[in-house]
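Subject: Structure handover

Hello,

Here is the structure we talked about passing on. Please load it next to this message and follow along.

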Amino acid sequence: MHQPTPPSTADDNRRPRDLPPWLPPTDDGPGRPPARAPRPASAPARAAAGPRHATGLPPAHTALICVALPGLAISTDRGQLTGQGLEGFYRAGRRLLARCQVRVAGREPLAVQARMTGADSARFVGTLRVSPTAGPDPDVVVERTRHADGTERITLRSYAVHPLRLPLEVALATDLAELSAIAAGTPGPELPAGVHGSGLRWTTPSGSSSITADPPPADALASAGLLRWEFELPPGGTADVELRVRAEGAGPSRAVGRAATSPLAPARATGDHPGVAALLRTSIDDLEALLIRDPAHPSDTCLAAGAPWRCGLAPAEALAAARMALPLGTRLAVGTLRTLARTQLRGPGPRTGMIPGPRRDAGAHLPPACTGTEATLLFPVLLAEARRWGLPEQETRELLPAAERCLTWLRTQAGDGTYLCAPEPGGPVRSETQAHAHRAALLGADLLDAYGRPGAAELRQWAHELGEAFRVDFWAADRGGGRPAAALDPDGRPLALLGATAVHLLDTGLLGAGRPAAGLLDKIQTEQLARLLGGPAMDSGWGLRGMGAKEAGHNPFGHRSGAVRVQETALAVAGLAAAGYEKEAGGLLRGLLAAAVHFGHRLPEMFAGEQRSDGSAPLPHPAACRPAATAAASGILLLTTLVGIRPDVPAGTVTLRPLPSAPLGELGLTRLRVAGAPFSVRVSRLGLAMVEEAADGLRLGK
């Protein structure tokens, strides 16, 4: 038995001195309220205090959430903003407008439809019967188009046979509350309004917001928070009012993802499966909506974790999402790597080279995990794979020193021991941490060799010894063929818990010539893991459960104990496909695509792991972020896995390894990006792949 070496790293839950103020220090899991975002901030930050139970947390699963960070607009399906729960317009974590209630001819329109029209916009339609002779048929339609940038257009449309005089009233109010206070159920009272230009204004010592109207209202009543118009509409006539909500002194809310040039290629999908086009389009839209900038370095963009709770940077998830989005180009990857390289710890001490990150809840069986460890190990992996996808040589060399510091941290923490231990004294040795470390060592060694840097042989030797030990120590034998242990306790005893974190053992990384790196499991163990992941205990029919249904403490809504997490399902599909287990990969893939239809192809970060049955639908998790960066990027990974794109731009080749069974039939992906140029590929119903567009000089590998 290989005993784990004592950990030497300190808890990274505290904010390091050089961590930028817009990076939240902790990540406590869903269902915990976010803290007030420090200012200046690019987006609202997530919870910054220790674990707390917010029993009154407003549910987010029924909300229509328009996102274009730093702006949010959160609504119910009725369209009216009543100031209840999360409703309102937000900028950088502050609710600028909480209440926006429309009345026409003294009555509230009857809501008949509410739908998202894009990642950043929603459309609400209501009707009224105004004419005395209208009978049961509505003769006035009220349409409201709401945008995350703080604008709303109200359109009145008359279908009456006679001219109508329609008074329009809009009742407005706000509390200027922080999202953290709203989540905790303590938003504060509505503020008194003052007339301001063509609208109203609200002020507190910590900030102000205003709303302007075009055309200006006929009346503005500050005491009632009311704007009034009166319109004369002929038959078939329309009238429009545009409202604009702004934070005083902040200027227009310019979303990073709506810049003239996006870091993400405008890829499109076509094929036999009716959902592939919508999934890819929605995934890219959501990723663009979640883009944020480091205010001190505005040319570098990265992804916030998700809305509404996690609109700040979570390093491990930003790296993971950028990695899954590499088929859309390397610009997001380089922005993420540069941003996080600036947070890397320097100077003497055991934490040198680490990228700090918050703690993440790991469920009832394990203590919270250190996402700083995961981020530090993902950094060199993303750089190495981005180079394969075509990251320019100059940018690779620029980021190489930060990757080397990550790899030095890895070897320092492992020391003379076999395993990379948890940062907390006496903590467990986690299986997924070893998978991250093994992949970082192999891809990092490959990167060091490519640039003539020392240390590659040492990393490969450590990775070899880790694999030899892991296959013995982390395999829990049982009558069913065994399973990988989730962790080893401080005495070296395995925790034989079947959970979705095992998928990281299949995510081995990409080396040259389209070759996947070696994994920690042998062939027989990999086959057994594939059988377990594809079995009914783990596959809910909608995706992969976070923990097996037969495990003690299973909860289909538990965010680490049974809920379907989209990222882990996508990683399972990709890993199983790469290892040759098409049946299991195809089953998980079809289940997640079926779930995507029920979520309008905007997949949440997680949903309940209830077993799928005829006529059922996946149950949403009330605290899940939607959109979420890793869930949106998972859509990219799922579709590109079917094609099996494995580029090696430094060698001038791209290898295709499509699934021979073509589980979704014919599939075409256009306007991806490889080697900085458009890349298009098509897979036939027979599972044969053909490149239709590629960079000059890029050859098809074997």
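Below are some notes on individual residues.

First, the ground rules. This is a predicted model: local features need pLDDT of at least 70, side-chain atom pairs count only at pLDDT 80 or more, and totals for chains, interfaces and linings use all residues. Residues are numbered from 1 along each chain as its sequence is written, and side-chain values use heavy atoms, with hydrogens and water left out.

Backbone geometry

Most peptide bonds are trans, and most residues other than glycine have a negative phi. The following residues depart from that pattern.

Asp214 and Pro215 are joined by a cis peptide bond, with omega about 5°. Pro215 sits in the loop between β14 (207-214) and β15 (219-221). Strands here are DSSP runs of E, at least two residues; helices are runs of H or I, at least four residues; both are numbered from the N terminus.

Ala307 to Pro308 is also a cis peptide bond, omega near 5°. Look for Pro308 in the loop between β20 (297-303) and α3 (315-324).

Leu176 is not a glycine, yet its phi is positive, about 50°. Its place is the loop between β11 (164-173) and α1 (179-183). Leu176 is buried, at 5% relative accessible area. The classes: buried is under 20% relative accessible area, exposed is over 50%, and partly exposed is in between (1.4 Å probe, protein chains only).

Arg671 has a positive phi as well, near 60°, and is not a glycine either. This one belongs to strand β32 (residues 667-674). Arg671 is partly exposed, with 42% relative accessible area.

Gln528 is part of helix α9 (residues 523-533). Why does Gln528 count as buried? Because its relative accessibility is 9%. Setting aside neighbours within four places in sequence, Gln528 is in contact with Trp475, Gly480, Gly481 and Gly482. Contact means heavy atoms within 4.5 Å.

Val654 is in strand β31 (residues 653-656). Val654 is buried, at 2% relative accessible area. Which residues does Val654 contact, leaving aside its neighbours within four places in sequence? Ile645, Arg646 and Pro647 are among them, as are Phe679, Leu698, Arg699, Leu700 and Gly701. For a distance check, take Val654 and Ser540: they are 114 residues apart along the chain, and their C-alpha atoms are separated by 35 Å.

Best regards
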